[in-house]
Amino acid sequence: MTVKLSHTEAARQFLDEASGLTHHAGNPRLKVVVNAILQHTVQIIEIHQISPEEFWTAVNYLNELGARGEAGLLAAGLGLEHYLDLLLDAKDQQAGIHGGTPRTIEGPLYVAGAPLSEHEARLDDGQDAGTVLFMQGRVFDLAGQPLAGAVVDVWHANTQGNYSYFDPNQSAFNLRRRIVTDDQGNYRFRSIVPSGYGCPPDGPTQKLLDGIGRHGQRPAHIHFFLSAPGYRHLTTQINLAGDQYLHDDFAYATRDELIADIRFNDDPAACKEKGVEGRFAEITFDFTLHPSRDAGDESRRQRVRALES
Ligand code: MBD
Ligand code: FE
């Protein structure tokens, strides 16, 4: 039997050289990771007999992905972002950390620096004639004590499934706010009911999903970062009950504890009391945070994103 080229000592030495391991300059961890990527890549090429045409198709695909700014979308769609959650969950389990509101993926559409307000906010700019949504809830610690002064950083899509900043047709920070909880841990906001998200149909992410026979749809959802001094930062989202993609999310973010009931109300007296014309919707959802174990887990890890790069 012939030995695979990628398993030979000569190949190993060549990839050590190509990843900088034989050079003094550079970042040691980066070298190790690049080396692993090269080793796995040449094995894929060899074992799956990737032709030069297929290889250059892949290179071109990466250029398309970057040109369209969809690398984060593909990471979500291939389940890699959810996989990071599974790793963090396993780490928590090993450390005996359980309970509290589960984490789920951030997704690629967060924007830092949304307007900050006390206790309540209106998220929409009134330009989208969606169903008015009133959402409220409380933030607690594991003992059930309300957390005053917690920051609820919330963002969601409009009725087209589009997010402000990435969608040039929306005003700055539309459907994005940071709300500080009151002394009973309450937050509340008025917004519009979001629609589910679909990958751009002409984009590279959808192209790959088509190729592997998958759709690129997400159920209607609302994203949250929760933070409070002394508590662990939580990245999560709620997924709206009744959505056709609730258990068929292309980004695998739905978790049972994160499904939120949405109550629609057409009662004229209730509408009048709320000051809205026609039906409105209501969601109540509480969050429970873990105590922080070290200063680092109170804030979200720094990463390059819109408006903070
Ligand atoms: C979204 O709104 C989203 O949350 C994710 C994870 C991917 C694409 C669009
Ligand atoms: Fe989203």
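**Exercise 1.** Characterise the shell around ligand 1 by residue class.

*Solution.* By class, six nonpolar residues, three polar residues and one charged residue form the shell around ligand 1. Here Ala, Val, Leu, Ile, Met, Phe, Trp, Tyr, Cys and Pro count as nonpolar, Asp, Glu, Lys and Arg as charged, and the others, Gly among them, as polar. The model is predicted: local features need pLDDT of at least 70, side-chain atom pairs count only at pLDDT 80 or more, and totals for chains, interfaces and linings use all residues. Residues are numbered from 1 along each chain as its sequence is written, and side-chain values use heavy atoms, with hydrogens and water left out.

Next, name the members: Leu-73, Ile-105, Gly-107, Pro-108, Leu-109, Tyr-163, Tyr-197, Arg-218, His-221 and His-223 surround ligand 1 (a residue is near if one of its heavy atoms lies within 4 Å).

**Exercise 2.** Which distances separate polar side-chain atoms of Arg-218, His-221 and His-223 from an oxygen atom of ligand 1?

*Solution.* For Arg-218 the distance is 2.6 Å. For His-223 it is 2.9 Å, and for His-221 it is 3.2 Å. The protein covers 100% of the 260 Å² of accessible area that ligand 1 has on its own (Shrake-Rupley method, 1.4 Å probe).

**Exercise 3.** Determine which element gives the most to the lining of the largest pocket.

*Solution.* The lining comprises 42 residues, with Asp-85, Leu-88, Asp-92, Arg-103 and Arg-232 nearest the pocket centre. At least two lining residues each come from helix H4 (71–77), helix H5 (80–94), strand E10 (234–240) and strand E14 (287–289). H5 gives the most, with eight residues. By class, the lining divides into 11 nonpolar, 14 polar and 17 charged residues.

Technical notes. Chains are lettered from A and ligands numbered from 1 in the order in which they are written. A polar contact is a pair of N or O atoms within 3.5 Å; within protein, one must be able to donate a hydrogen and the other to accept it, and residues adjacent in sequence count only if both atoms are side-chain atoms. On a 1 Å grid over the protein atoms alone, a cavity is a set of points where a 1.4 Å probe fits but cannot get out, and a pocket is an open set with protein on both sides within 12 Å along at least five of seven lines; lining residues have an atom within 4 Å of a point. Helices (H or I, at least four residues) and strands (E, at least two) are DSSP runs, numbered from the N terminus.
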